Each structure stands twice: as structure tokens, then as C-alpha cells.
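Please keep the sequence and the structure in view while reading.

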Amino acid sequence: MLLARFTERATELLAAVPEEERPAQTAVAAALRQAVLEAFRSREEYVARMVEVDLLAGAPKQNATSLRKGIRAALLDQGVRCVDAPDGEHELFVVVEGDGEAFEVLRPAYVDQATGKLVLAGQLRRLPAPDGAGDSAGGGDAANGEGV
């Protein structure tokens, strides 16, 4: 059903292109076939990773630390970098609460290493700075802590 709707919409779009600029029907069919195959491959990879995470979570005597390490390793294998501190990468974080000059990481940021795009922004909480100290999350010049 999804492929049928996609094909219908692609046909409409191609009809809007002047005939002399339209790609050959065989080229369109080959591109669509390739896209569908890649989508299935991507889904298979995703499902396989979810199965690995489920197996890791269900392993006997699994503690939260080892589970997290396993999940982080799987993310890294997939090209997703987890940023636990805003050191030099403040643009990956947003300040969600608090007052002060120091920061506490509430949630790490996740970055797709292949594209450099932010998958999920990290979250920071502002804290009062300890007497004479800089911020607790590394570097006090986070553009006033406001990130993405």
C-alpha cells in the first residue's frame, strides 16, 4: 500500500516535469527498486540492533552500568556519538531549568557521525557556581548556556 501511494505520487511529480527533461521509465523504476531495497535493509539492521539490545538487557545478572555500556557500544557501531558533557560542544545542549553559572547534564546529546546532525539535543540544568569555580559540566562560556 505504501509503495502504491509512493508510485502514484512519483507519477504525478514526473508528469509535472517537461517531457524532454523526464528520466526514462527504466531509470525511474531502477531508482524506486533501489530505494525500496535500501529501506528494507535499513529496517532489517534496525530490528537486528533492537534484538541485540533486548538480549543485552535480558542477560542474567545484568547491571545498569554494563547495560548502558553495551547500548553505547551498539550506538557507536551504528555511527551515533553520545556526548555526555558540553565541553566545547555547547551547541548540542539546551538549558531546560535552573539559575546560575554552572551546569549539570540532565541528558546527553546524540550526534549522527555520518552526517554531523544532531539526533537528540542534550539537556542542561543551571546551578549556582561553587565559590570561585567554573561550571561543573566543563567550560563556563556556553553562550550563556543556551544551545540548539
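Buried means under 20% relative accessible area, exposed means over 50%, and partly exposed lies in between (1.4 Å probe, protein chains only). At 31% relative accessibility, E104 therefore counts as partly exposed. The model is predicted, and local features need pLDDT of at least 70, side-chain atom pairs count only at pLDDT 80 or more, and totals for chains, interfaces and linings use all residues. Residues are numbered from 1 along each chain as its sequence is written, and side-chain values use heavy atoms, with hydrogens and water left out.

The sheet comes next. Helices (H or I, at least four residues) and strands (E, at least two) are DSSP runs, numbered from the N terminus, and two strands pair if DSSP finds at least two bridges between them. Three strands form an open sheet in the order β2-β6-β3, with mixed pairing. Its edge strands, each pairing on one side only, are β2 (93-98) and β3 (102-107). On average, neighbouring strands of this sheet are turned by 35 degrees against each other, direction ignored; the axes are lines fitted to C-alpha atoms. Strand β3 runs antiparallel to β6 (residues 122-127), and 5 bridges join the two. The bridge partner of E104 in β6 is R125.

A salt bridge is a side-chain nitrogen of Lys or Arg within 4 Å of a carboxyl oxygen of Asp or Glu. The whole structure has 7 of these salt bridges. R125 and E104 form one of them, with the closest N and O atoms 2.6 Å apart. This pair links distant parts of the chain, since R125 is in strand β6 and E104 in strand β3, 21 residues apart. R125 is partly exposed, at a relative accessible area of 26%.

Another salt bridge joins R81 to E89, where the closest N and O atoms are 2.8 Å apart. R81 is partly exposed, with a relative accessible area of 26%, whereas E89 is buried at 19%.

In helix α2, E52 and R49 are 3 residues apart and so separated by about one helical turn. They form a salt bridge with the closest N and O atoms 3.0 Å apart. R49, E52 and D77 are linked in a network of salt bridges.

Helix α2 (residues 25-58) also holds M50, which is partly exposed, with a relative accessible area of 42%. M50 belongs to a nonpolar surface patch of about 490 Å², made with Y46, V47, V51 and L55. Patches are made of residues with over 30% relative accessible area and no salt bridge, with nonpolar side chains (Val, Leu, Ile, Met, Phe, Trp, Tyr) joined within 5 Å and like charges within 9 Å. Accessible areas come from the Shrake-Rupley method with a 1.4 Å probe.

Key:
Axes are lines fitted to C-alpha atoms, for helices over the stretch in contact, and angles run from 0 to 180 degrees between N-to-C directions.
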